[in-house]
Each structure stands twice: as structure tokens, then as C-alpha cells.
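Take a look at the sequence and the structure below. This short report walks through some of its features.

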Amino acid sequence: MSNSFPGQARVRLTKVSSFLVVTQRRTATYSGTLDQLEGIARGVRNHNLMLGWWGVPFGVIWTPIALTRNAKAMQQLRGLSPSKDRKR
């Protein structure tokens, strides 16, 4: 979660996909502006909520872990981002 270019940031997000007894967990690093990364994180969260839970037992275990870690990563990223509302 560091700046690569002015106005750009990076964040690692985990995506979980499950199909009955098969569960796949993938972590990727995404780069972009805060708005772009918010959209990517929203898509990853929706994917995890829709497709992460269906594997037994690992989908049920990995999905809440991924949701929590992704939320924390985005919260940290928002904390690093300069806000328009902050006074200097």
C-alpha cells in the first residue's frame, strides 16, 4: 500500500472462489487511484460474498478471513490518501 506515482496507490486483495469441495484463494496487487481501487475492492468483495462460501470446509473459513483482510487493507489505504476535507 505505497504510492507508485502521485495520485496512485497499490493494495493487495484476496479473492476466494468455491465450488462444493474445491476452493481457490488468489491474492493480487492492484494499482490505481483511490477511486479505481475502491471499485476493484467492491468487485472483489462482491465476488467473495457470492462465490466464496460454497466450498466445504475451506470456503467457509477463507471467505471471512479474506473479507476482513481486504476491508483492513482498504481502510489503511484510505488513511494514507490525502482527503479533500482535511485542513492543512
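Predicted model: local features only at pLDDT ≥ 70, side-chain atom pairs only at ≥ 80, totals over all residues.

## A residue in a loop

Is Val56 buried or exposed? Val56 lies in the loop that links α1 and α2. Its relative accessible area is 61%, so Val56 is exposed.

Val56 still has contacts. Beyond its neighbours within four places in sequence, Val56 touches Leu20 and Val21. The C-alpha atom of Val56 is 8.6 Å from that of Phe19, although the two residues are 37 residues apart along the chain.

The average pLDDT of the protein chain is 89. A score of at least 70 is reached by 85% of the residues. Residues 84-88 are another matter: their pLDDT stays under 50. The model gives this stretch 3 contacts beyond four places in sequence.

## Two packed helices

Helix α1 covers residues 34-51, and helix α2 covers residues 58-80. They pack at an angle of about 170°, with axes 10 Å apart. Angles over 145 degrees count as roughly antiparallel, so α1 is roughly antiparallel to α2. The residues of this contact divide into 9 nonpolar, 3 polar and 3 charged.

Which residues meet there? From α1 they include Leu37, Ala41 and Val44. From α2 they include Asn70, Met74 and Leu77.

## The nonpolar core

The largest nonpolar core has 9 residues. Among them are Ala9, Val11, Leu13, Val44 and Ala73. Strand β1 (9-19), α1 and α2 each supply at least two residues of this core.

Now follow Val44. Leaving out residues up to four places away in sequence, Val44 touches Leu13, Thr14, Lys15, Tyr30 and Asn70.

Methods
Residues numbered from 1 in each chain as written. Heavy atoms only, no water. pLDDT = per-residue confidence, 0-100. Contact = heavy atoms within 4.5 Å. Axes fitted to C-alpha atoms, helices over the stretch in contact; angles between N-to-C directions. Helix = DSSP H or I, 4+ residues; strand = E, 2+ residues; numbered from the N terminus. Parallel < 35°, antiparallel > 145°, perpendicular 65-115°, else oblique. Nonpolar A, V, L, I, M, F, W, Y, C, P; charged D, E, K, R; others polar. Core = buried A, V, L, I, M, F, W, Y, C linked by side-chain atoms within 4.5 Å. Buried < 20%, exposed > 50% of the residue type's maximum accessible area, 1.4 Å probe, protein only.
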